[in-house]
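Here are a few notes to read with the structure open beside you. Take them one point at a time and find each residue as you go.

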Amino acid sequence: MTRSSVLELLQSDRFLQEVTVKGWVRTFRSNRFIALNDGSTINNIQCVIDFESTTQETLKRINTGAAIAVKGTLVESQGKGQSVEIQVTELEILGDSNPDEYPIQPKKHSLEFLRENAHLRVRTNTFSAVMRVRSALSFAVHRYFQENGFYYVNTPIITGSDAEGAGEMFKVTSFEANKAPIDEAGKIDYKQDFFGKETNLTVSGQLEAETYAMALGKVYTFGPTFRAENSNTTRHLAEFWMIEPEVAFNDLDANMDLSEDFIRYVLNYVLVNCKEDLDFLDQRLTQEEKSKPQAQRSEMSLLEKLNFVVNNNFKRVSYTEAIDILRNSKPNKKKKFQFPINEWGADLQSEHERYLVEKHFKCPVILFDYPATIKAFYMRLNEDGKTVRAMDVLFPGIGEIVGGSQREERLDVLKEKMAALDIDEKELWWYLDTRKFGTAVHAGFGLGFERLVQFTTGMGNIRDVIPFPRTPQNAEF
Ligand code: 4AD
Ligand code: MG
């Protein structure tokens, strides 16, 4: 008989029919009721066994975490809490789980404890819900772009240029650490290395994506990126996934429109397609909020927040306006910010971003036209000569979720900016070629996928929305 998933059976009305299901035992009570889960849904199916006809030996092996196969009759449930159940006629233990050793017991575990058991934590309701939502979000990302005429580009993970300056990089080499050849100047001789030059793991696929946008028109990347910063926060990973659309002929306004439309679409997709998981995560967060002091509690539930973003425009504010707001804000005057805002040109820290979003505007904000001095070399210089066409999308509870810009398409201006920052033209000759041959206005942005998953699921720590997080001092699994 073909195997059904728990999801199919819970939605089915094939009453009094024979069904087969396989999964892992969540709980077993009264030597009679098994709650079985197979990952297809957050809900378990109740399997009722006939105590008389089940051997003592089998009963002892129905432990939390064990894999079992069940054959039986699907019936309408008499008990509370479920609509259907299986009256078991045959039960086979596929894989035992020793109750004295299995770490995931049917009780509340701390997120820290579960992080140490990242290979098993997805067997909990919270993590299975998060990972199903993550999967749906990535499908929605592809669907949005594919439906809107974008092509998916796979940019390299190993890169030969470290000019973007988006962050510290991880070196890629085939030299053994203590046996790297030394050149005449006493430095490591990368000419003898695998690629014949210094290489790193990429911090962003943008520069390569730009070359593709200048031929395919509308492109996007969706892949892993790496940053070797030693930031131990709830929002930073050393390995994370980034989505980077890049569009020929788009200016900054069109870029902002795209970021809003895109984020709304993917959030709406999961609201429609992940209802049960989101309901669960909504309740989880409400429960968690109750343990916080009143002043720190969020005014909206998770579902309210998601619906709010889907149904409201983001507020667009220039950097200069934002600095005025921050300078005159209560926390700044009362010296509550760790980094006080004194003058125009200051880099914004996450405390400032969160003040703007959570306290002042109370909605997602797009900040634009930042000082050139605090942004990357490739951003288009404004007529004022001191600001660039940059944009950051700021979200409640997250801070920066998107960073992007209109790109500098004028060869002479780009070269001047690179010279000022000591970036070697020879290293980026291929990037400069796009400005030499058929240059055009273009723009794009990068969205940190894990930050999006964090926002969507309400998880407070970014380590809990990626299966196996990579952070400083941590690469187990
Ligand atoms: O603002 P960033 O550094 O922008 C770029 O890399 C551009 N090249 C993007 C582009 O224009 N194509 O990074 C983009 C986003 C951030 O807004 C943030 O959401 C996420 O990537 N991000 C991180 N997420 C997790 N851990 C980290 N260490 C991150 N660093 C950036
Ligand atoms: Mg940024």
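**Rings, charges and one buried valine**

1. Let's start with Phe195: its relative accessibility is 41%, so it counts as partly exposed. Keep in mind that this is a predicted model. Phe194 itself is exposed, because its relative accessibility is 63% and the cut-off for exposed is over 50%.

2. Now look at Phe222 and Trp241. Their planes are at 90° and their ring centres 6.0 Å apart, so this pair is edge-to-face. It ties together distant parts of the chain: Phe222 belongs to strand 10 (residues 218–226) and Trp241 to strand 11 (residues 239–248), 19 residues apart. Phe222 is buried at 9% relative accessible area, whereas Trp241, at 31%, is partly exposed.

3. How many aromatic pairs does the structure hold? There are 22.

4. The charged end of Lys375 sits over the ring of Tyr370, 4.2 Å from the ring centre. Likewise, Lys386 has its charged end over the ring of Trp344, 4.3 Å from the centre.

5. Last stop: Val465, in the segment after helix 14 (449–457). Is Val465 buried or exposed? It's buried, because its relative accessibility is 0%. Beyond its neighbours within four places in sequence, Val465 is in contact with several residues, among them Val130, Met131, Arg134 and Val453.

How values were computed. Residues are numbered from 1 along each chain as its sequence is written. Chains are lettered from A and ligands numbered from 1 in the order in which they are written. This is a predicted model: local features need pLDDT of at least 70, side-chain atom pairs count only at pLDDT 80 or more; totals for chains, interfaces and linings use all residues. Side-chain values use heavy atoms; hydrogens and water are left out. Helices (H or I, at least four residues) and strands (E, at least two) are DSSP runs, numbered from the N terminus. Buried means under 20% relative accessible area, exposed over 50%, partly exposed in between (1.4 Å probe, protein chains only). Contact means heavy atoms within 4.5 Å. Rings of Phe, Tyr and Trp (its six-membered ring) pair if their centres lie within 6.5 Å; planes under 30 degrees apart count as stacked, over 60 as edge-to-face and the rest as tilted. A charge sits over a ring if NZ of Lys or CZ of Arg is within 6 Å of the ring centre and within 35 degrees of the ring normal.
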